[in-house]
Amino acid sequence: MSEATIVELLKRLDQATTRLEAVEKSIASGVASSPSSGSSSAAAGPSSASVKEFQNLVDQHITPFVALSKKLAPEVGNQVEQLVKAIDAEKNLINTASQSKKPSQETLLELIKPLNNFAAEVGKIRDSNRSSKFFNNLSALSESIGFLSWVVVEPTPGPHVAEMRGSAEFYTNRILKEFKGVNQDQVDWVSGYVNFLKDLEKYIKQYHTTGLTWNPKGGDAKSAAPAPASSAPAAPVAPAVTSAPVESKKGPGLGAVFGELSKGDGVTSGLKKVTNDMKSKNFTDKSSVVKAADTKVAKVDTPSRPAVFALQGNKWSIEYQVNNKEIIIAEPDSRQTVYIFQCVNSLVQIKGKVNAITLDGCKKTSIVFENAISSCEVVNCSGVEIQVTGRVPSIAIDKTSGCQVYLSKDSLETEIVSSKSSEMNVLIPGATENDDLVELAIPEQFKTSVKGNKLHTESTSHI
């Protein structure tokens with residue numbers, strides 16, 4: 001054996017000994033070691049177990065959920081594909097957090113950008129399929145997609161997921177009501193998604209009780225993050241400009257919400273302090289009379305899309321109407337439904353019997369109808385009025401601010417179900433035809449007490 005060969009063997013033996021010593025030290029400190037060709041990788045902290053558990057959660061619930069969605073309809077399958085990409089982006093963020101120190105707000109916003117992009121696609125698919133028979137499925141996902149933002153919610157991200165689950169259940173309950181005992185795939189689809197959100201809440205309470213857990217001994221989050229995956233095909237992008245981006249008329253997107261939530265206590269830092277000269281008690285020219293010259297009409301956001309008033313199959317679509325008081329559906333078929341979407345300062349009259357009526361995202365809009373076989377539903381509206389001249393079994397009000405319901409003598413047995421809404425009043429006829437209408441407020445405040453092993457809840461008008 002030559003001298004050069006012996007030197008090479010000794011050199012390799014020395015390298016092996018050095019590596020073994022490094023492994024021994026890492027085992028003694030309770031941290032796993034992984035070789036790297038460059039600089040050493042960040043040590044995996046206790047939260048690394050959360051990555052594996054999150055993947056188990058996905059495998060248990062989301063994998064079969066994807067198969068069911070594709071079986072139901074192509075549009076549902078496409079939407080769930082974007083949901084899966086968003087969840088994968090969230091898993092990457094959890095993995096990055098397990099290896100990294102908590103980054104600055106600017107870096108965090110960059111890390112959640114892929115998550116935001118995929119979440120936005122979920123909403124777009126729902127908006128582009130409003131005539132779909134599976135609109136409730138699409139709405140259940142798009143209305144609850146905000147559950148992904150738990151990663152920037154502090155100090156209690158678990159209840160945030162529970163709130164988003166409530167938004168989903170508004171639509172999943174409709175699915176169960178329609179398909180229970182008729183279509184088991186729909187029932188399994190609902191239970192699969194709802195159970196995922198329930199188990200996600202449990203997972204968060206176990207591994208991320210006060211917020212996404214970062215590794216204080218880790219490295220830089222930006223360098224540890226994987227390269228962003230490409231999102232779903234997007235619409236053509238306009239040429240880049242140097243001016244500030246134009247703010248959408250629809251309000252801040254999910255990314256802006258993430259950014260504000262990630263500020264923590266700093267979210268209120270932009271509020272102005274009320275000085276003494278701004279307080280009404282210090283005004284010297286106080287008067288109960290409002291001058292006509294000082295009165296200003298509030299500007300109402302109006303839809304920018306073309307107005308729609310058409311019968312599509314068995315559904316009347318009334319969309320993006322502005323200042324239109326002449327919308328009349330005369331002699332409709334009792335099998336038809338009426339869907340009113342994003343109308344502003346308009347009046348809809350239905351002269352006849354229809355199956356169901358829905359108001360979605362409307363402002364200062366009124367509807368007058370004779371009879372509805374199933375229900376009249378109001379979702380995401382503000383300042384709306386509903387007048388029933390005949391009968392309707394139930395009226396559902398959800399996420400609405402300001403709703404006046406006028407009932408006729410024939411509709412006094414109507415059930416009204418409200419959730420996450422305010423400023424709701426019901427007006428019923430007086431004792432005689434000459435009497436004024438009687439206005440009754442729907443309770444918004446409740447008191448709950450424990451009686452035995454059950455909760456007892458009752459409405460209350462004061463604390």
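Ile367 stands opposite Ile386 in strand S7. S7 spans residues 382-388 and runs parallel to strand S6, joined by 4 bridges. Strands here are DSSP runs of E with at least two residues, helices are runs of H or I with at least four, and both are numbered from the N terminus. Two strands count as paired if DSSP finds at least two bridges between them. The model is predicted, so local features need pLDDT of at least 70 and side-chain atom pairs count only at pLDDT 80 or more, whereas totals for chains, interfaces and linings use all residues. Residues are numbered from 1 along each chain as its sequence is written, and side-chain values use heavy atoms, with hydrogens and water left out.

S7 also pairs with strand S9 (residues 401-406). These two strands run parallel over 5 bridges. Gln387 has Tyr406 in S9 as its bridge partner.

Strand S6 (residues 366-379) is joined to S8 by 5 bridges, again in the parallel sense. Within this pairing, Glu377 has Ala396 of S8 as its bridge partner. S8 in turn pairs with strand S10 (residues 415-419) through 5 parallel bridges. Asp398 stands opposite Ser419 in S10. S8 (residues 394-398) is largely enclosed by the rest of the structure, because 4 of its 5 residues are buried. Buried means under 20% relative accessible area, exposed means over 50%, and partly exposed lies in between (1.4 Å probe, protein chains only).

Over the whole protein, 10 helices and 14 strands are assigned. Buried residues make up 37% of the 463 residues. The protein exposes about 27,800 Å², of which carbon and sulfur atoms supply 53%. Accessible areas come from the Shrake-Rupley method with a 1.4 Å probe, and for residues only the protein chains shown count as cover. Among contacts with a separation of 6 or more, 41% link residues 24 or more positions apart. A contact means heavy atoms within 4.5 Å.

Helix H6 (residues 135-144) is mostly covered, with 10 of its 10 residues buried. Among them are Phe135, Asn136, Leu141 and Glu143. Ser144 lies in H6. This serine is buried, with a relative accessible area of 0%. Leaving aside neighbours within four places in sequence, Ser144 is in contact with Met164, Ala168 and Tyr193.

The second largest pocket holds about 1,400 Å³ of space. It is lined by 44 residues, and those closest to its centre are Asn136, Arg174, Glu178, Thr358 and Glu377. A pocket is an open set of points on a 1 Å grid over the protein atoms alone where a 1.4 Å probe fits, with protein on both sides within 12 Å along at least five of seven lines; lining residues have an atom within 4 Å of a point. Grid points are joined across faces, edges and corners, and the volume is the space filled by probe spheres set on the points. H6, helix H7 (157-179), strand S4 (337-341), strand S5 (347-360), S6, S8 and S10 each supply at least two lining residues. H7 gives the largest share, 11 residues.

Ser98 is found in helix H3 (residues 74-99). Ser98 is buried, with a relative accessible area of 2%. A polar atom of the Ser98 side chain lies 2.6 Å from the backbone oxygen of Asn95.

Notes: A polar contact is a pair of N or O atoms within 3.5 Å; within protein, one must be able to donate a hydrogen and the other to accept it, and residues adjacent in sequence count only if both atoms are side-chain atoms.
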